[in-house]
Each structure stands twice: as structure tokens, then as C-alpha cells.
Amino acid sequence: MPEYIAAIDQGTTSTRCILFDHGGNVVAVAQKEHRQIYPRPGWVEHDPLEIWRNTQEVISQALAFVDGGPWTEDRPPSTVHGPSSIVSIGITNQRETTVVWERATGKPVYNAIVWQDTRTDGICNDLAQDASTSLGGQDRFRAQTGLPLATYFSGPKIKWILDNVPGARAKAEAGELLFGNMDTWLIWNLTGAHVTDVTNASRTLLMNLHSLDWDEDILRLLGIPRAMLPEIRSSAEIYGTAQGALGGVPVAGDLGDQQAALFGQTCFSPGEAKNTYGTGCFMLLNTGETPVPSTSGLLTTLGYKIGGEKPVYALEGSIAITGALVQWLRDNLGLIAKSAEVEDLARTVEDNGGIYFVPAFSGLFAPYWRSDARGVIVGLTRYVTKGHLARAALEATAYQTREVLDAMEKDSGVRLTALKVDGGMVFNELLMQFQADLLGVPVIRPKVAETTALGAAYAAGLAVGFWKDYDELRANWGREKEWQPQMDAGRRERLYAGWKKAVTRTFGWVE
């Protein structure tokens, strides 16, 4: 019987279960979207129980592909055969999204607060102003965590829940509440184990980069009881045994989604980088076994830690809104019916018509970290059409990536010679060509674009011996398409200068 690794990819807009064979090929995939909840401007929430239900459903659907055909209403999940062909399970997840639930009942005390949510701006500002260290300000915890004080991370979100949900703080101090990012929430529901891995822990603003343990000083400042935090483990080891449709299968891989993509792109050597184009956009550069402090607005984060091996660190440039901007054109403006239609609409014009679209819907992430910024469209004239809007929306992703790459090269001293890309937007040919033009380096799409799920599968497979080493994983990687730069340097720099000017127009909108 053939054997497979199951990867559960719990993303910002949907949950997927993907089965991979030994060659790293996709064998089966099932996906289901969940609701985006916007209670107030700047607030973004998910229902953790809905996500757990969807997870169980997509697991059963993916297994049905292997056991006799796709799941249908006439062939419900209850008729699926046992998971005898699945040898291990890997988890990858939207990072920073914060869930707090009751230890005894498994019931969340509040909706999951999503990484894009900006409600903790006041908490972050108070912490920055209250700094007594010489570093102080937004960089108060950067030496310990590698991160700036920002609404992006989990720690301030936990504090908000404890401060604002009636009874939550008392329950937490009594040891009755548990916290987790989505990886922890899923592993706890699958196995009963309350654990996370170093990559997810490094996104909380609570983990010390050097000890790989929760930082007691920061916990005390935020008023977060250590007892509610999960145990920090490596990214590839057996955490527990699954129940339900995957009953008896070890859960053995756990990586935050962007670190999983780095691993799935086999960026195992210092200096190798990848960029993932999803709801947001995230570029990671492997910096080896030593954390590299950033002076250019990047994050110093964990790349991965495989079993008992030394941890591998990374520099990351995080962009909040890329694919989400296309969704906004679809859902809020109705310019397109499906996200894939944005490319055809953008191709109805030759250029952006002189406009720039800076999608600072949740403020600006790397390299600015400006929570006071909000989105702008600049350069509007009567000449501009919806085609120009679509093109400017796509170009915004490429411009933001260029800003992150510039910062990454400045911090690392490494000049990138090519960029490996993955995620849903890499099938947009117009965007990929413009990205290569704007960077001046080749952009390479691998044959397996599902590198986030693949990275989680690789970690889970290494933990149980399904793959024996990194060389075996590298042998699976292959390029599907490459885009070479075609734009002359003068035009490239003129366009980029216009973008930089447009970004300044977003600053200071929120008082």
C-alpha cells in the first residue's frame, strides 16, 4: 500500500488538508473557507470552533480521495476507510492569530483575534512609552524577541482578551485557560497535547530568541500567566497521536506558515530566500544558526528546528495586504467576480495610468511598522479606469516586496540573485513578470507551488523517518517556470520612486 504524509494548512481564509507522496507530489487536496468577522473597523476575528469543524471535514475529504474517490454528499465522510496509508501529520498555520479557551471544556472564551487585527494599538503604544530601558520605544523587546512592538503579534492580543473578556483574567490566573496560535489549537483538539513549536512561539512577542523559552520579564509586563502558555517544542517531533478520522496517526510536524514555506522551498542554506504570496506577503531569508538583528525594519525570527538539531534563524519581511487586496476588489467593490479575473482586467491597460494603490488597511508592516497608516490611492485623474485600479493593486504587491528585499539585503549583506516564490498569486503571470522587472532578478516558481503545506509535510516526515535527510528533500525540488527581468533600469527606478512617494501619503492618518 502506498504511504503518504498529511499536511493540515490552516490559513487566514481557509483550511486545507493535502496529502503528499514520497516525491513531494500532491496526491489529494480538500479545502474549505471560513468566515471573516469584522466587528469594528480594524478588528478581524475568526470562529475557532468553525475552523476546527472545517479541519475535521477537510481531513475526511482528503482521505476519501485516497480511499476510493472524492467526497460527495452521496458518500459522506462517515464511510471513509481508516487512515492506514497516512504515516504522519504535519501542521502549518496562520501565525499570530490568537485563541484563548477553557482547559476543561475546550470552549473559546472569545473569537480568535486575527494577525491583521489592530485593536491592541493602545497596548503597544503604552508599552513603548513606558519603556525604562535605553533601547525603549517600539524596539523595547527586540533584543529578546527579534520583534518590534506591534499589533501583529500574539502577546498583546492575549492581554486584550484577559483585560476585556469578563472573568477571563481570574480564570487564567487560576490555571483554567489555555492560549495558542492556530497550530496549538489544532494539535490540542487532535491529540490533547498543549504544545507549540519554536517558529510559532517566536511570533508571540513572548519567546526569548536565545533561550527558546517564554521570557518571564515580558510575561510579567503583559500580565500573562505562564500556566496558560503551551510547551515550546521543535518543529519536527511526535507531539501526540491523533483521534478522529486520522486516529492513531502521529502528529509530528509543526511550523508557522511562512517558515513552512521556507522549509518546503528547501532553503536550508544561509543566504537562500523565498517569498510567499498569500493574504499577505512574506519574504524569509535563512541566516543560519545565529540570529541576525535587523536595523532596517525586518523581523528576526526562528526559521525551523528539526528534532534535536540546532535552531535555524531567519530574517523576515512581513507585508499585511497583498492577495487580500484582490479579495477586496472582488468582495467590497465588485470589480471582479473571481480573484483570478484580476489579471485579465489588469491586462486591459498598458500600465497603471499614473496611480499607485498603497493597501495600508491594517497599517504598514515591514519595513515601516506604522500602525497609524491607512490605505490610499494616489494620482487619480479622469483617465483612470477599473483596469488601472486592478493593475495598481497587483503592482502594489511587487512594490512592497521590493521594499522588503532592499531592507533584507541591507541587514544581511547578501545580494539576492534569484527569488523563489510560492502561494496563490504566483500563477498570475502579469504580477510575476512585473515582480522580476522591479527586482531586477529572476523569479522562480517551483513545480510544487503548495510549499507551505509541503514544508509541514517534510517536517512531519523527517520526524518519523519517511524522508531521511535534507538531500532527499532537495532532490524533490524542481522549477516549473522562471521570469527574467525585461524592464530597463531607468524606468524601474522611476516607478519605484513614485511608489515610495505614495507610501508617505499613508502616514499619520489615524491620530
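I looked up how helix α10 (residues 323-331) meets helix α12 in this predicted model. Their axes come within 9 Å and cross at roughly 160 degrees. Axes here are lines fitted to C-alpha atoms, for helices over the stretch in contact, with angles from 0 to 180 degrees between N-to-C directions. So α10 is roughly antiparallel to α12 (angles over 145 degrees count as such). Helices are DSSP runs of H or I, at least four residues, numbered from the N terminus.

Next I listed the contact, meaning heavy atoms within 4.5 Å. From α10 come L325, V326 and L329, and from α12 come A390, A393, L394 and A396. I sorted them by class: seven are nonpolar, none polar and none charged. Ala, Val, Leu, Ile, Met, Phe, Trp, Tyr, Cys and Pro count as nonpolar, Asp, Glu, Lys and Arg as charged, and the others, Gly among them, as polar.

I noted the conventions. This is a predicted model: local features need pLDDT of at least 70, side-chain atom pairs need 80 or more, and totals for chains, interfaces and linings use all residues. Residues are numbered from 1 along each chain, and side-chain values use heavy atoms, without hydrogens and water.

I then checked T397, which sits in α12. T397 is buried, at 1% relative accessible area (buried means under 20%, with a 1.4 Å probe and protein chains only). Leaving out residues up to four places away in sequence, T397 touches Y277, C281, T322, M425, L431 and Q435.

Note on methods:
Helices (H or I, at least four residues) and strands (E, at least two) are DSSP runs, numbered from the N terminus. Angles under 35 degrees count as roughly parallel, over 145 as roughly antiparallel, 65 to 115 as roughly perpendicular and the rest as oblique. Buried means under 20% relative accessible area, exposed over 50%, partly exposed in between (1.4 Å probe, protein chains only).
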